[in-house]
Amino acid sequence: MVRPSSVTLKIIMAVSGIVLVLFLFVHMVGNLKIFLGATDFNHYAHWLRSLGTPLLPETWYLWIQRAGLTIALIAHVYAAAVLTRRARAARPVKYAHRPKIQSSYSARTMRWGGVIVLLFAIYHILDLTTGHLNPNGDREHPYTNVVQDFAPDRWYVTLFYTLAIVAVGLHLAHGIFSAARTLGQQTMKGQRRAKHIAIALSLVLVVGYLSVPFAVLTGLVD
Ligand code: HEM
């Protein structure tokens, strides 16, 4: 049985995390097309399905991307689980008086934050990809799916998305910083810079993602 070292596992976490973050940025830019109107947004969603043609048959690229994201997600969760188990095994008895270590809120919520993000992703796919949990649920009209999803009388959906996206932001604020440290930013100055960049990137994502449901809620997009 292969037993990867903890350093290897941290590199797996960092690289798979970066793949997922890249997807999040591309997905956010795609979502922002909603501000250009139904035709542009629907055109973009349909283009995603034909991306890679005529080299690849229709939807193949989409499935390759889905497979890549699934592999990155499994690798990320697997490495996190093994690293946590090793950390626990190294200290089986809890400290009687655990010294207050300086760690940020986002660092302390990585595990539960990660679980919330994972549950959200499953809900979100059933909502806006397959349409099973969407009031419109028409794969040919993603614009209408989004607008009906975040309609004012469904404010609780916007609330749920807001909580999930804030959880994504907190998870990334620490995750991007950790990845930068694992991949070489070891000096104090490098780590400070990595922390600022991680917070800035997370803020861009949170604001970009939240702008869509709030634009629908306030009637800016209808
Ligand atoms: C308010 C914010 C968001 C909106 C409006 C939104 C919108 C959408 C829409 C419309 C689709 C379906 C695209 C299509 O028709 O092919 C989709 C798919 C998806 N979204 Fe989001 N999304 C949001 C946030 C997120 C977040 C935060 C994540 C990750 C944690 C995420 C992950 C995904 C994934 C994995 C898919 C499936 C892509 C595929 O079909 O392979 N989304 N999203």
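Residues are called buried when their relative accessible area is under 20%, exposed when it is over 50% and partly exposed in between (1.4 Å probe, protein chains only). The model is predicted, with local features needing pLDDT of at least 70 and side-chain atom pairs counting only at pLDDT 80 or more, while totals for chains, interfaces and linings use all residues. Residues are numbered from 1 along each chain as its sequence is written, and side-chain values use heavy atoms, with hydrogens and water left out.

An α-helix has 3.6 residues a turn, so residues three or four places apart point the same way. The expected span of a helix is taken as 1.5 Å times one less than its number of residues. For helix 3, with 31 residues (60-90), this gives 45 Å, and the end C-alpha atoms are 45 Å apart, which agrees.

The loop between helix 2 and helix 3 deserves a look of its own. Most residues other than glycine have a negative phi, and most peptide bonds are trans. Pro-54 is found in this loop between helix 2 and helix 3, and the peptide bond from Thr-53 to Pro-54 is cis, with omega near 5 degrees. Thr-59 has its place in the loop between helix 2 and helix 3 as well; its phi is positive, near 70 degrees, in a residue other than glycine. Thr-59 is partly exposed, with a relative accessible area of 25%.

Gly-113, Phe-120, His-124 and Asp-127 are the buried residues of helix 5, and they pack against helix 1, helix 6 and helix 7. Following helix 5 comes Gly-131, whose phi is positive, near 85 degrees.

We turn next to the ligand. Of the 16 residues around the ligand, His-27, Asn-31, Arg-66, His-124 and Leu-128 come nearest; a residue is near a molecule or strand if one of its heavy atoms lies within 4 Å of it. A polar side-chain atom of His-124 lies 2.8 Å from a nitrogen atom of the ligand, and one of Asn-31 lies 3.3 Å from a ligand nitrogen atom. Arg-49 places a polar side-chain atom 3.4 Å from an oxygen atom of the ligand. The shell divides into ten nonpolar, four polar and two charged residues. In this count Ala, Val, Leu, Ile, Met, Phe, Trp, Tyr, Cys and Pro are nonpolar, Asp, Glu, Lys and Arg are charged, and the others, Gly among them, are polar.

Asn-145 lies in helix 6 (residues 142-149) and is buried, with a relative accessible area of 4%. Not counting residues up to four places away in sequence, Asn-145 touches Leu-128, Asn-134, Asn-136, Gly-137, Asp-138 and Arg-139.

Rings of Phe, Tyr and Trp (its six-membered ring) pair if their centres lie within 6.5 Å; planes under 30 degrees apart count as stacked, over 60 as edge-to-face and the rest as tilted. The structure holds ten aromatic pairs. Phe-150 is in the loop between helix 6 and helix 7 and Tyr-161 in helix 7, eleven residues apart. Phe-150 counts as buried at 3% relative accessibility, and Tyr-161 is buried with a relative accessible area of 3%. The rings of Phe-160 and Tyr-161 have their centres 6.4 Å apart and their planes at 80 degrees, so this pair is edge-to-face. Phe-160 is partly exposed, at 34%. Phe-120, Tyr-123, Phe-150, Phe-160 and Tyr-161 form one aromatic cluster.

How values were computed
Helices (H or I, at least four residues) and strands (E, at least two) are DSSP runs, numbered from the N terminus. A polar contact is a pair of N or O atoms within 3.5 Å; within protein, one must be able to donate a hydrogen and the other to accept it, and residues adjacent in sequence count only if both atoms are side-chain atoms. Contact means heavy atoms within 4.5 Å.
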